[in-house]
Amino acid sequence: MGKYAEYAILGYSAMALILGGMIAWMYLRYRALRREAALVEQVAAEEAGDRVHAAVGALESDAQPEDATPGVSGMANPSTDRARTAPRET
Amino acid sequence: MAYSDRRTRILTGLTYAALALFVVAMLMDFFYVGPERQQGEAHRIFYVHLGSFLGSFLAFGTAVVAGIAYLRSRDHKWDTLGLSAVEIGLGFATITIVTGMAWARPIWNTWWTWDPRLTSVAIMWLAYAAYMMLRTGIEDPERRRRFAAVYGIVAFASVLYTVIIIRVRPDTIHPVVAGPTQADPEGAFEVSGRIRDTLFFNLFTFAVITVVLVWHRIRLENLSERVARRKMEVLADL
Amino acid sequence: MSARGDSTTKRADVQAASARAVKVRRPVTPYWRAVGAIAWKDLRAEFRSRELINSMLLFTLMTVMVFSLALELDAEARQTTVAGVLWVTIVFAGLLGLSRSLASEKDKGSLDALLLAPIARSALFFGKMFGNLLFVLVIAFVLMVLLTVMFNITLIHPLLILLVVLGSVGFTTVGTLLSSMSVHARSRETLLPILLMPVVLPIVISAVRGSTAVLNELPSEDWMPWLQLLALADVIYIAASYALFDFVVEE
C-alpha cells in the first residue's frame, strides 16, 4: 500500500457511497411509484366495476342463476324505486 | 406519459455511456496515473474532488437558468428542472466536501479549516440545503415554485462567491488549479502529462454523469406528479 | 391544433395578461414619497406599542450577557472576538425584527391592502426595508455602546460605524426579501434563519474581518478589501432584491 493510501480509499468510498446512495434512492422511489401507480389503477378498475354493479342494482352475490326471475323486475315498484348506489364500505 | 422513443433512446444510451466513462475514469485514477511525489496515494482524490465540484457547479448553474425561465414563462417543467438540478447538485457538493476532507487530513493535518475556499463551499452547500427546506415549507404549489425559483437565483450568489473569493483573498492554503497563483498553497502540484489527461477525463465523466442523473430525476419527478394526480382523480370519484 | 401551437398561444396569453396587469397598476404616488410613507407608517406603529424595539433591545442585552459570561474572555481574547460578538448579535436581533415585521402585516391582512395600493411594488419593498434598517441600526448602535462598556474596547469609531451601516444595509435588504417569502410558510420563525443565514454569511464574514482590522488599528490594506466587498455585496443584493421582489408578492 502506498503512502496515505487509506485516505484515498476513504475518499473514493465516500464518493461511491454518496453517488450510489443518490442512484439507489432514485431507483427505490421509482419502484415505489410504479407500485403505487399499479395500486391506483387497480382501485380505479374496481371502482368502475362497482359503479356498473350499482347502476344495475345488484351485487355479484345477488346475481346467481338460481335467483333469476325472468319476466319479473327485481324492484318492487319500478316506477318509484331507484337503482341502489353501491353500498358504502364502512 | 408519452416520452418520445427517440428521447428515451438517447437517455438510455447516455446512461450506459456515463457508466462506461465512470469505469474508465476510476481505472485511470488508480492505474494510469501514479502516486504523487509528496502526497502519495492521497493525491488521487483530487480527480473526483474536482469532478464532483464541476458537477455541482453545472447543476446549480442549471437551477438558476431554470429559475429565471420559470419566472418568465410559468411553465412548471422549468421548476421540475430546477428541483432536480438542485437535488443532484447538492449530492455532488456533498461529495466535493467529503473528498476534500479526506484529502485535507493527511496533507494539511486537519479535516477542516475556515479557509476562504472551504468556507465558501460550505456556504454554498447550506444555501441549497435551505432551498430544499423552502420547498417543503410552502404548501401552495404555485407559490412554492415561484419562491423556489427566486431563492434558487439568490442562492447562486453563494456559488459566485466561491469563484470570486480567491480573487479577493488570494491567501488561501487551498491549491488553485485555474486562477491566480497565490502566496502559500499547501499541497499544490504541477498539472501536466498524465495528471492533466486524467483530470480532463474525470471532469468530462462527471459532467456526463450529472446530465444523466438530472435527466433521470426529472423523469422521476414527472412520474411522481402523474401518480399523485391520478390518485386524486380516483379518490374524488369514489 | 398541433402541440407546438398550443404552447406558443399559451405563452402569448401569459405575456399579454402580465402586460395588461402592469398597465393597470400604474403608480399614482411619487416613488420616494411612497417609500417614505411606508417606512414612516411602520415607525409610527412601532412608537405606539414599542413592542418590537423593546424585545429587540432586551434580546440584545441578554445576548451580550450570555457571550460575556459563557466565553470567559481575558483582555486579549476580548479584543479578538468583540467584532464577532457584535455581528452575531446584530444578526440574531435583526432576525427577530425581520420576522416580526412582515408577520404582523400578513396576520392583520394589511399586506394585501398594501399590495393593492397604487404604488410601485419596489417602493413597498424599499419602504419596508428602510423601516427594518432603522431598527437594525438602532440595535447596532446600542450594541456598540454596550460592548464598549462591557468589553472595555472603544467601538465608537467612524470606520466601524461605516462598516456597521454597510453590513446592516446588505443584511436588511436580503432579509426583507426572504422574510416576505418565509411569512407564507407554516414554520415561518424557523424558515427565515435557514434561508437567510447562508445568503448573508459573506456579508457577515466581510463585516467581521473588516471590523477586527479596524479595531486593531491595522493599516488600510487590511480592511479596505473587506469594505469593498461589503459595498459590492450591498449593490448586488439591492439590485437582486429590487428585481425579484415583484415575483414574491404577486398574487
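In chain C, 83% of the contacts with a separation of 6 or more join residues 24 or more positions apart. Two residues are in contact if their C-beta atoms, placed from the backbone, lie within 7 Å. This is a predicted model: local features need pLDDT of at least 70, side-chain atom pairs count only at pLDDT 80 or more, and totals for chains, interfaces and linings use all residues. Residues are numbered from 1 along each chain as its sequence is written, with chains lettered from A and ligands numbered from 1 in the order in which they are written.

**Chain C**
- Chain C has 9 helices and 0 strands. Helices (H or I, at least four residues) and strands (E, at least two) are DSSP runs, numbered from the N terminus.
- Of the 251 residues in chain C, 40% are buried. Buried takes 20 or more other C-beta atoms within 10 Å of a residue's own, exposed 12 or fewer, and partly exposed lies in between; C-beta atoms are placed from the backbone.

**Chain B against chain C**
- Chain B puts 24 residues into this contact and chain C puts in 22 residues.
- On the chain B side, H2 (45-73), H4 (116-137) and H5 (141-168) each give two or more residues. H5(B) has the largest share, 12 residues.
- That side holds 17 nonpolar, 3 polar and 4 charged residues. Ala, Val, Leu, Ile, Met, Phe, Trp, Tyr, Cys and Pro count as nonpolar, Asp, Glu, Lys and Arg as charged, and the others, Gly among them, as polar.

**Chain B against chain A**
- Here the contact takes 30 residues from chain B and 24 residues from chain A.
- H2, H3 (76-108) and H6 (194-237) of chain B give two or more residues each. H6(B) gives the most, 11 residues.
- The chain B side divides into 15 nonpolar, 8 polar and 7 charged residues.

**Nonpolar core**
- The largest nonpolar core has 131 residues, and B:Tyr128 and C:Leu147 have the most contacts inside it. Such a core is a set of buried Ala, Val, Leu, Ile, Met, Phe, Trp, Tyr and Cys residues joined through C-beta atoms within 7 Å.
- Helix H6 (residues 121-151) of chain C supplies its largest share, 16 residues.
- Beyond four places in sequence, B:Tyr128 touches residues including B:Phe60, B:Val86 and B:Ala155.

**Positive phi**
- C:Asn152, not a glycine, has a positive phi of about 60°. C:Asn152 lies in the loop between H6 and H7 (158-182) of chain C.
- C:Glu217 has a phi near 55°. C:Glu217 sits in the loop between H8 (188-215) and H9 (220-249) of chain C.
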